[in-house]
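Hi everyone, thanks for making time this morning. Please have the sequence and the model open while I talk.

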Amino acid sequence: MATSRTGNRVNIRPGVSVLSVLRHLNYRPWFALAEFVDNSIQSFLTNRDELCGLHGGQFVLRVDIELDQNDGGRLIVRDNAAGIRERDYARAFRPAQVPPDRTGLAEFGMGMKSAACWFSPSWQVRTSAIGEALQRQVTFDIERIVHDEIEELDVVATDAPLEAHFTEIQLLQLHNTPIGRTVGKIKEHLADIYRVYTREGLVVLRFNGEELLYAEPDVLVAPAYDQNNDPTGDPVEWRITLDDFDFGRGLRATGFAALRREGSTKYAGFSLFRRNRLIEGSGDEKYRPQAIFGTPNDFVYQRLFGELHLEGFEIAHTKDGFRWDENEEPFLELLRERINDPAMPLIRQARNYRVRPARQALRQAAETASERTGQSLERHGVEAIESAASEPTDIDPPQELHEADLASRRVIDLSFENRRWRIVLELSDDPAVGDWLEISDAVVADEDAEERELLGLRLSLPHPFMERFVGADREKIEPVLRVAAALGLAEKVSRDGGVRQAGAIRMKLNKILTLALSRV
């Protein structure tokens, strides 16, 4: 029968008061949980030979995380690693006790303590170390420790089989119990953070019994596309290996960069690793510096991804970001040069490549669009039609557009049927411009005293239709502007061809867009 002993104690000096402020660290729950997983993996790596010897060379590390959302919330992190040896107890439980070997995943001496106190005011560690026939348990009651200035904690020791080895951490009465979407994000981020270990079959990581595995994105296989968005040559896999990516001062990177087969504004981007553990760029928080990726509406932002393993860089003590100092800009310059090499220009291909939507996807999009447009017409169509019907139809466009604030202005000169044309294309961000599309039409003398057709086309960006469906997305503004320009040019050509009341369509269109099709 096992016997229990409480004679041993563990010193948790210095400064136990620091334990009460650890809950205010700027952690996110997945990075806090990662601190426990880091310790498990490091215990496995440090004692791998001994563990494999004990289990006949077929040892796989298992880390299980269990969340109970009832009764104030409880988290349990359990592993089958080598456990915490008696000689390591003082260092393991004393805040800011830096480990003698800082080359692994446990390098700051704060991980387990800071994460546990961030999650919970009351937590306990139960462990049995490989080769020691004892199971030990230490309990932390943070409020009591701080209030009574306790500097030593009882270690409850119990007999255990010599071959037993594990660590179990229980976090009780959680400060913030993960619920809903947060639970999904925890699983997604942890799968990302430890993808190297799970990919190689070294670690099985589970959350409430569900194994967490990183979903590898498919790489684009396609011909190179030119600046006209046309394919050239044979299909290739758009992936490059980054070997010997060295930029001096002991700073280097390895890994790969590639293009996603399916674009994603959520999941494209780089993941940055250190010592095979992801530091920055997990889940939907990928590393996407604007110098390379541009803005979210850029095709590079949606397709470029990769894994970069950095060496020589320092990281934040919460292990959720790199401390770049002055090194990020040269790093990005070199990275951009490598991933846009003429032999495999990932950035250029991402911007030029276009994929034809699958027919089923087109049908689904068409069904949604027609349903929503139909609902808008059912609710507001009568009002809009009545207003459009009463709109005058015999008003010619003015010879020049009224003054307004402009976001962009472009002048285009061309010749048509032996006449010189000047088209002034304007995009206005002036909220006082009420119509979706305004035009002006005049014949003016140019600098050579020759007549020139002057056509003004102005599209209103603050118009409710534009605000609802377009916003500041460049990829949406351009097609709408092209339609507006085509409408204005068609009106001009129709009027010149003798069509009476050629502006009626545009004027009634402005009414219908405003009163019906801009609304839900």
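Strands β5 (residues 122-128) and β9 run antiparallel and are joined by seven bridges. This is a predicted model, so local features need pLDDT of at least 70 and side-chain atom pairs count only at pLDDT 80 or more, while totals for chains, interfaces and linings use all residues. Residues are numbered from 1 along each chain as its sequence is written, and side-chain values use heavy atoms, with hydrogens and water left out. Strands here are DSSP runs of E with at least two residues, helices are runs of H or I with at least four, and both are numbered from the N terminus. Two strands pair if DSSP finds at least two bridges between them.

Let's stay with β9. F166 in β9 is the bridge partner of S128. Strand β4 (residues 74-79) also pairs with β9, in the antiparallel sense over six bridges, and there V77 stands opposite I169. How many of the seven residues of β9 are buried? Six are, so to speak, under cover: β9 (residues 166-172) is mostly covered. Buried means under 20% relative accessible area, exposed means over 50%, and partly exposed is in between, using a 1.4 Å probe and protein chains only.

Now for the cores. A nonpolar core is a set of buried Ala, Val, Leu, Ile, Met, Phe, Trp, Tyr and Cys residues joined through side-chain atoms within 4.5 Å. The largest one has 63 residues, and L33, F36 and L190 touch the most other members. Helix α1 (residues 29-46) gives the most to this core, with nine residues. Another core, of 36 residues, lies apart from it, and W238, W324, L335 and I339 are among its members. As for L190, setting aside neighbours within four places in sequence, it is in contact (heavy atoms within 4.5 Å) with W30, L33, A34, I65, L205 and L212.

On to the aromatics. Rings of Phe, Tyr and Trp (its six-membered ring) pair if their centres lie within 6.5 Å; planes under 30 degrees apart count as stacked, over 60 as edge-to-face and the rest as tilted. A search of the whole structure finds 15 aromatic pairs. Y27 and W118 form one that is edge-to-face, at 5.8 Å centre to centre with 75 degrees between the planes. Y27 lies in the loop between β2 (9-11) and α1, and W118 in helix α4 (residues 111-119), so the pair ties together parts that are 91 residues apart in sequence. Both Y27 and W118 are buried.

The rings of Y225 and Y353 have centres 4.9 Å apart and planes at 80 degrees, so this pair is edge-to-face. Why does it tie together parts that are 128 residues apart in sequence? Because Y225 lies in strand β12 (residues 221-225) and Y353 in the loop between α11 (346-352) and α12 (359-389). Y225 is buried with a relative accessible area of 15%, and Y353 is buried with 9%. Ring pairs also link Y287, F313, F322, W324 and F331 into a cluster.

One last item, for those of you who like charges. A charge sits over a ring if NZ of Lys or CZ of Arg is within 6 Å of the ring centre and within 35 degrees of the ring normal. The charged end of R195 sits over the ring of Y214, 3.8 Å from its centre, and R239 lies over the face of F256, at 4.0 Å from the ring centre.
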